[in-house]
Amino acid sequence: SSTHPRPVRLFIDVFYVNGSPFFHTISEWIKFRTVSAIPNRSKKTLLTETQVIINMHAARGITVTRVEGDQEFSCLANDLLPTPINIADADDHVPEVERSIRTLKERTRCLIQGLPFRRFPKVMMRGAVENSNKVLNLFPAPNGVSKTLSPLTIMTGRPLPDYNDMTIEFGAYAQIFEDNDPTNTLKARTTGAIALTPTGNAQGGYFFMSLVTGRRVFQTAVGRTTHA
């Protein structure tokens, strides 16, 4: 009941936020969006990211009949087979994914403008983009395949929306247990951190940015933290 047999086209592109590249996809009918921070725009990176999303659809019994991208993705034509890729004309773009990128950037700007910070490290910007994308997937999409099931539910089977994903707001200050081996001393056992995005696991884990190291850390529901 959480899947739909209708085959889809997959629209892909790369966009930048504050100089950092992100790989973005949106699927036809389902309107499921993905976004991932990528280190570069090399053929290997683009191929890996695209194949992951195709496999994600296949795991839910959904066939990607064609990938749609601009000239940058022409190098993937042979490696993506048997899934064909349709390349837009020179100086042209794929409107479906361009529109999705615009929506995602608008949501990210709204999220950032509501925070009291003047500067945003790359870790926080990545979290803001991922958070905005996740929210778009949480609720049924206009003109989507279902009026009651969200894209996230269709692609993962998770119910909507999950309270575990809303326990702390993006940008909120928190104290986290960053030391996995606390000792019985006067040393502080918690570290100041900024909430980023939920991990999506059943335990209600969250990603935070440590204010000590500046790194993204993973806080589980039981209080243990690992660097990510």
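## Exercises on a surface patch and a helix

Val135, Phe139 and Met166 form a nonpolar patch on the surface, with about 250 Å² of accessible area together. Patch members have over 30% relative accessible area and no salt bridge, and nonpolar side chains (Val, Leu, Ile, Met, Phe, Trp, Tyr) are joined within 5 Å; a salt bridge is a side-chain nitrogen of Lys or Arg within 4 Å of a carboxyl oxygen of Asp or Glu. Areas come from the Shrake-Rupley method with a 1.4 Å probe. This is a predicted model, in which local features need pLDDT of at least 70 and side-chain atom pairs count only at pLDDT 80 or more. Residues are numbered from 1 along each chain, and side-chain values use heavy atoms.

**Exercise 1.** Check the span of helix α1 (residues 43–59).

*Solution.* 
- The expected span is 1.5 Å times one less than the number of residues.
- For the 17 residues of α1 this gives 24 Å, and the end C-alpha atoms are 24 Å apart, which agrees.

**Exercise 2.** Describe the buried face of α1.

*Solution.* 
- Thr45, Leu46, Thr50, Ile53, Ile54 and His57 of α1 are buried.
- These buried residues fall within an arc of 160° seen down the axis, so they line one face of α1; the arc uses directions from the axis to the C-beta atoms.
- On the other side of α1, Lys44 and Ala59 are exposed.

Key. Patches are made of residues with over 30% relative accessible area and no salt bridge: like charges are joined within 9 Å, nonpolar side chains (Val, Leu, Ile, Met, Phe, Trp, Tyr) within 5 Å. Helices (H or I, at least four residues) and strands (E, at least two) are DSSP runs, numbered from the N terminus. Buried means under 20% relative accessible area, exposed over 50%, partly exposed in between (1.4 Å probe, protein chains only).
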